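Colleague: Could you walk me through how the labels on this model were assigned? I would like to see each value set beside its cut-off.

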Amino acid sequence: MSSASQPAGRREDVLAVLRRADGAMTIVDVAEQLGVHANTVRFHLEALIADGRAERVEPDQKGPGRPPLMYRAVRGMDPGGARQYRLLAEILTLGLVGQRNASAKALEAGRAWADRVTRPAPKALGIRASVNRLIGLLDDLGFAPQRLDADGETNVGLRHCPFLELAEDSRAVVCPIHLGLMQGALKTWRAPVTVDRLEPFVEPDLCLAHVTVERQSS
């Protein structure tokens, strides 16, 4: 075992001892069970508390003097475990692909997503400010957007897809979700523009969101 992996392994040992215990334990109790120095246990307990996996417990004051600190494992699923969000995304995407009107449902899902990640603009936005705000949102979400002005039109290019592997296999669902997100965000901001369509992979490294004016800004 490498020296880099030893601290993590010892930390799991400390947590395992706490989980097996019937009640709260002192640092000395844990150290004795593991056969290590109390300072080692103290170090790992502090890290476990910071991670939300262990907690200090108020000791019962039954006699004179300062009672020892007590610790116990936080009950619940381990927040430090591995995540499989891509697998979940694949499962949900496949489920949606198999439904009738999958693209329309995906579009609505994207608009609902926008409700979670956007708030109304503090003031009325003009066309340019709306596009810039949209670019900022897409940048925060990892789309690597860029403003593209040509022939009197303003479009938004997306140079990265945060769901690339899913989009390659399930374009009819993933791309409408992205389109719905953009439409929903602009609607929330009461923007004078919308994105009427999203062209996926117009170039190997570019998807194109077409911006159109819905109403003239004041």
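Colleague: How many disulfides does the structure hold?

Modeller: The structure holds 0 disulfides, where a disulfide is a pair of cysteine sulfur atoms within 2.5 Å. This is a predicted model, in which local features need pLDDT of at least 70 and side-chain atom pairs pLDDT 80 or more, while totals for chains, interfaces and linings use all residues. Residues are numbered from 1 along each chain as its sequence is written, and side-chain values use heavy atoms, leaving out hydrogens and water.

Colleague: Why is Cys-161 too far for a bond with Cys-207?

Modeller: Because the sulfur of Cys-161 lies 6.4 Å from that of Cys-207, its closest cysteine sulfur. Cys-175 is in no disulfide either: the nearest cysteine sulfur, again in Cys-207, is 5.9 Å away.

Colleague: Why is Cys-175 called buried?

Modeller: Its relative accessible area is 10%, and buried means under 20% (exposed is over 50%, partly exposed in between, with a 1.4 Å probe and protein chains only), so Cys-175 counts as buried. Cys-161, at 13%, is buried too.

Colleague: What makes a nonpolar core, and which residues have the most contacts inside the largest one?

Modeller: A core is a set of buried Ala, Val, Leu, Ile, Met, Phe, Trp, Tyr and Cys residues joined through side-chain atoms within 4.5 Å. The largest has 26 residues, and Leu-138, Val-156, Trp-189, Val-195 and Leu-198 have the most contacts inside it. Apart from it lies another core, of 15 residues, including Val-14 and Ala-73.
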